[in-house]
Amino acid sequence: MKILVSSLEPSANLHLGEILKKEKFEIVGIFDEKFGKPLYSSKEFSVMGFIDVIPKILKAKEAIKELAFLSKDCDKVLLIDGPSFNIPLAKEIKKINPNIEIIYYILPKVWAWKKGRIKTINKYIDKKAYIFPFEKEYWVDTYVGNPLLDEITTFRDNKTYNQVAFLAGSRKSEIKSLMPIFRELAKKVNTKKVLVVPKIYENNMGIYGDISDFEISYETHTTLLKSDFAYICSGTATLEAAIIGTPFVLMYKARKIEYFIAKMFVKLNYVGLANIIFEKEGLDKFHKEYLQEFDIDELINDYQTSNLTNWLKKSQKIRDILKFGSSDNVIKLLKI
């Protein structure tokens, strides 16, 4: 079976990897080079924010045209996350190749903003594979499970490791925003400090600035398993820490104009996925969130007063809510 894949983000490629471990599909399209030879590398499209995306618009339009044409030589289409690119791609594919089946895995977060996408998705997508149980409110298709339960199979024990983890995200804008705060925190953390760096930056460490106070790790899950606490950029890594059981706080800082725009359109009480999941289940907040402004002493106090026993209980609860991994069910959708 030959599948046209559009997997733009580092997290999307992690989830694609779990599928390809279990089933050897022939894939073409946009994805990480480690899976083969893509038409475009996913690294060419990994950006964050309204301003960052402007230079990519022309390239995206060109890529959409090429991918849609390429779909004529494929059996099915698999779109993973990336709605700003993948929704226009789905429209273009259906325009020139209306009979091909499109599976959308990790659907747009319509529960956060842009609910108008629901109508569009229902029109152009044949199979919708959602990854949070509460999304059944918006999609009538399949809860396939959560991909992190495929990728995380070992959980935090109740030992002390004398280590604190720092995760600044996978996008350059995130890293540049949070590293000055992380350096301030590192000066007050009297134990081993480990900075988790995505492997895509292994040969480009200059974007982190001065990292002399940190040890470097390229393994998120291994580092979280051996950390007593973590300071984490908003995003998937916060849900990873919640599932693993590592105490943490979420930290988010964007350009002022981008944060203002986001506040206008995103109508949620929380930013962190674990908090959103718990709220949907009628449970108390899972973790603290710091948005735009940071009190260093308060952040240090969060680390010093964290209760591992309570965190482990919450971690088990969130795993119970998510139930199972998603790769097997996505493979079933592709093969049906």
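**Cores and rings in a predicted model**

Modeller: Tyrosine 130 and tyrosine 143 are both buried. Keep in mind that this is a predicted model.

Colleague: Which parts does the pair tie together?

Modeller: Tyrosine 130 belongs to strand β6 (residues 127–130) and tyrosine 143 to strand β7 (residues 142–143), so the pair joins parts 13 residues apart in sequence.

Colleague: Why is the pair of phenylalanine 229 and tyrosine 231 called edge-to-face?

Modeller: The angle decides. Their planes stand at 65°, with the centres 5.1 Å apart, so the pair is edge-to-face. The cut-off for that label is over 60 degrees.

Colleague: How do you know whether phenylalanine 229 is buried or exposed?

Modeller: Buried means under 20% relative accessible area. Phenylalanine 229 has 1% relative accessibility, so it counts as buried. Tyrosine 231 has a relative accessible area of 0%, so tyrosine 231 is buried too.

Colleague: Which cluster do ring pairs build?

Modeller: Ring pairs link Phe166, Phe182, Phe214, Phe229, Tyr231 and Tyr303. The structure holds 15 aromatic pairs.

Colleague: What makes arginine 319 count as sitting over the ring of phenylalanine 155?

Modeller: The charged end of arginine 319 is 3.7 Å from the ring centre. The distance cut-off is within 6 Å, and the charge must also lie within 35 degrees of the ring normal. Lysine 114 lies over the face of tryptophan 113, at 4.7 Å from the ring centre.

Colleague: Which residues have the most contacts inside the largest nonpolar core?

Modeller: They are Leu78, Phe85, Tyr105, Phe132, Leu239 and Ile318, in a core of 84 residues. Helix α8 (residues 236–244) gives the largest share, six residues.

Colleague: What does leucine 239 touch?

Modeller: Leaving out residues up to four places away in sequence, leucine 239 touches Phe132, Asn146, Leu148, Leu273, Ala274, Ile277 and Ile318. There is also a second, separate core of 29 residues, including Ile181, Leu185, Tyr201 and Met205.

Colleague: Why does cysteine 74 count as buried?

Modeller: Cysteine 74 has 10% relative accessibility, so it counts as buried. The cut-off is under 20%. Cysteine 233, with a relative accessible area of 4%, is buried as well.

Key: Residues numbered from 1 in each chain as written. Predicted model: local features only at pLDDT ≥ 70, side-chain atom pairs only at ≥ 80, totals over all residues. Heavy atoms only, no water. Core = buried A, V, L, I, M, F, W, Y, C linked by side-chain atoms within 4.5 Å. Buried < 20%, exposed > 50% of the residue type's maximum accessible area, 1.4 Å probe, protein only. Helix = DSSP H or I, 4+ residues; strand = E, 2+ residues; numbered from the N terminus. Contact = heavy atoms within 4.5 Å. Phe/Tyr/Trp six-rings, centres within 6.5 Å; stacked < 30°, edge-to-face > 60°.
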